[in-house]
Amino acid sequence: MNARLALLAGTEPGITESDAFRLALEHAVAELGALGGAFHLGRTTSALRLLASTGLPPALTRPWEIIDRTGPTVPTFAVRTGRGLWVATPSTHAPGFPATRWPGTGFASVPLLRGGRTLGALTVVTGAHGTPSGEQWTFLRGVVAWTSERMGQAPPVPPPGEELVGGRLRHALREVAVGTWSWDLLTGELVWDEAGAALFHAERVAREATWLKSIHPDDQPSALAALERAMRDGTLYESEYRVEQPDGGYRWVHGRGAAEYDEKGQPVRMMGMVWDSHESRTARDALSRALRHMSDAFVLTDADWRISFANRAAERTLGAAEAELFGRSLWEVPAVQRVPDLEARCRKAASAATTAELDVRITAGRSHQLRLVPSPDGLALYFTDVTDTRRREAERAAAERAAADRSTRTGELTAALAKATTSRDVVDAVAERVLPPFGATGLTVVSVEGDRAEIIGAVGYPQSFLQEFDGRKVPASDPVRDTVRGSAPLFISSVEEFTELYPHLAYRPRLAGKQAWAFLPLTVSGRTFSVCAVSFDRPRRLNHEERTLLTAISALLAHALERARLYDAEHTRSQELQRGLLPQRLPDSPSCTAAARFLPAGQGMNVGGDWYDVIPLSGGRVALVVGDVMGHGLAEAATMGRLRTAVMTLADLELPPGEVMSHLNDIVGDLGEDFYATCLYAVYDSSTRICSIARAGHPPPAVVRPDGTVHFPELPPDPPLGVAEPPFETTELELPDSSLLVLYTDGLVESPDREIDEGMAELARLLRASGHQDPERLCDILTSGLLPDERPAANDDAALLVGRVHALAADRMASWELEKDPRAAGQARRYIREQLAVWGLDELAMTTELIASELIGNVVRYAKGPVRLRLLHSAVLICEVYDGSLATPRIRHAAETDEGGRGLQLVAALSQRWGARYTADGKCIWTEQALSGAPADLAAALLAAPEL
């Protein structure tokens, strides 16, 4: 309590009386935990006036605004007795208990003393604690004492005409006195104090008729109605009317009062105040006229949203006259009801008790800004037509958004063009980022060489138009040719303008489906090599800003396209080189049905060094090879070609896989330290079903057996070619008939987001699910499953080789051991005749006998045993002669006088192919014959030769 009194004492001097009353009330209510409070004051009259209140609603304070000092109210009782008192609210007979039931437990009132006189009282409505304690009574007296002291220090009243905040537009004038009056309703006697009598220019004691005569005839009905209503309802009387002046004019006065009732509830007397309101009323009338004719719609409502004023603009906006609107709820007006959620939005804004602004559409096609200004008695609503303003703002915002969007798209276009590598990339980047912001629907980029036009790329055009234009001779007068010739943009805004400029091409807009164009020259280093045409499906006249922007974009496009054309040319040459180095088609082999795929790295990469091959060998054998030269570029592609050629040469020498790898390692090592390669070389023998495999740093093959099982054989992990140390180990696998051998490079199973082990596991899953497919179909399944997105971000080539092996049946093979003497040739001829008869190849018997006789004769004469003969019935007839010598036979050019040296020449003449290969214990000389056989007469003639 002392702290609050100290706080009040520290208030700076010079505050107004109203501020002093307010501070006193707030501290009193807060300290006592009261529900609210009121301050009454009466300096010179017999009535007490309510000067300040806090925490109390108007419905409770309205009967207390003017109270008689002699009446039975709590404040007047405190004033008359000069001491504080507390009266409980439940006691209806207690002094001052109002007709309306008050909340709380009671009233505590303390008189305000100043200069030996009791001027008023401070009253609080106590809460749950009931009557104040002794300390609280002491505190209340201290607060009242402080208020009395501050009243003497208050500054002068503001000068005349200065407005005070309030709902009734009051003016406090220092020189104007407030008069009081008392009207005895039983006798009709009307008593004014001096100030009141002066306002009415009457005696201080008069009759009711005197008062009525002084009122303007037009105002009498409303003044009397207000009196009757106040007496009937027990409410506050308030009225404003004009009073006649001595000079015959009228002056506005404002009266307020309340009725007193006898024990039967009949009004017996009225008391109140009256003051001059002429200046404020004149000001209000002037303000009303101004509001009435203001351009913005203006509406006043009370606290229940009932309309009390509407100006002419509001009548037009709401679609009703003021007479129709007055007293009507705002939410009942049809124009307001048509606005969705307006009531909820307005109530929410009003509940905040602060000025709020909303955008609404009251009138069709018009936008209004609704400004809600709350006041103690209701709200003021301003409707400002902002249609044109909002339209300009929308246009400005749209222009700013369009400019920002164009700037963003230009930046995106620059970035996209920097990444574009091919001409198609450039065209797509421009179409995606230039056409939308300009509302364009078509784009063509045309290269002009001499008098020929070639479409580099197009978007938004029918194929018929592109076919009609692409590759054709450009007329002498043509927008594309004129743009190239003048190296300046050409803008055509309509079909009529196009037809006027190029009447001989009047059919072209209809064929293209376009109605406006911007032809932009693409110039680099002073040379215009192409034209970019941006087209529209409606007439369109581009403004200066748009033309400037398109011209700037064409410069970016020109440099990007020139760079892309160089890349396209280089990439085409590289692709042609790579395709030329790879097999054009895989050879047919009875031992293996094979298919392959090569997938180059993602767009923008150079050619790589992945390769594959299938090489038919002798004796029903076939070699399958796959390799990968590390790196990308022409040098790597050339290295791949050298290795593939070397493998084919080494395979023709019938070298085993390990020796082939050793020779390849030497070749790569001689290329320098920057070259490395991986390779896997496999030889499948259809007669033994054995597959011999050697590898150098390459992933192992996948083997799919006929029962569908898949496994990756464990092969020795030799390093890549170029860093390996020979010898290379060879692993032999037995592959049943119809097994699959799947060879691949790491680009098929490994990527930046997938480890090689995961890729191999996925490869195995796909093979288990689809291993029964033919190799061609299986290649498609594997590539689509392992590389499903056409390798948009791949950084390595991928090669795949799938071979299904075919074992030679046992009844298609025959082998005999022969004696190493001249009788061996005869034995061989007999065996051959008998076996070929079994196979139904009698027509080949004579030729085969001759070949075998020559080969066996050479073995008997020059080589060493043991001697073995083998026949294989495959797609061709294979004849093999084995011996224990490592000497390789070769064809000699015998002179006419030589007795020998022509045997191998005869063998070569009678067979399709022949050769020799080394075995573990010697060598094998082999021949291949077509199953259709050689001419019988030629074989017979050769058999009859004396030297045979």
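Buried means under 20% relative accessible area, exposed over 50%, and partly exposed in between (1.4 Å probe, protein chains only). The model is predicted: local features need pLDDT of at least 70, side-chain atom pairs count only at pLDDT 80 or more, and totals for chains, interfaces and linings use all residues. Residues are numbered from 1 along each chain as its sequence is written, and side-chain values use heavy atoms, with hydrogens and water left out.

**View 1. Trp181 and Tyr237, an aromatic pair between strands.** Rings of Phe, Tyr and Trp (its six-membered ring) pair if their centres lie within 6.5 Å; planes under 30 degrees apart count as stacked, over 60 as edge-to-face and the rest as tilted. By this rule the count comes to 13 aromatic pairs. In one of them, the rings of Trp181 and Tyr237 have centres 6.2 Å apart and planes at 80°, so the pair is edge-to-face. Trp181 sits in strand β7 (residues 179–184) and Tyr237 in strand β10 (residues 237–244), so the contact ties together parts 56 residues apart in sequence. Strands (E, at least two residues) and helices (H or I, at least four) are DSSP runs, numbered from the N terminus. Both Trp181 and Tyr237 are buried.

**View 2. Phe498 and Tyr502, a tilted pair.** The ring centres of Phe498 and Tyr502 are 5.6 Å apart and the planes stand at 50°, so this pair is tilted. Phe498 and Tyr502 are both buried.

**View 3. Two salt bridges, Arg390 with Glu393 and Glu395 with Arg391.** A salt bridge is a side-chain nitrogen of Lys or Arg within 4 Å of a carboxyl oxygen of Asp or Glu. The structure holds 36 salt bridges. Arg390 meets Glu393 at 3.2 Å, N to O. These two are three residues apart in helix α14 (residues 387–419), about one helical turn. Arg390 is partly exposed at 23%, and Glu393 is partly exposed at 31%. For Glu395 and Arg391, the closest N and O atoms are 3.2 Å apart. Glu395 and Arg391 both lie in helix α14, four residues apart. Glu395 is partly exposed at 45% relative accessibility; Arg391 is partly exposed at 41%.

View 4. The closest N and O atoms of Arg644 and Asp613 are 2.8 Å apart. Arg644 is buried, with a relative accessible area of 15%. Asp613 is buried, at 4%.
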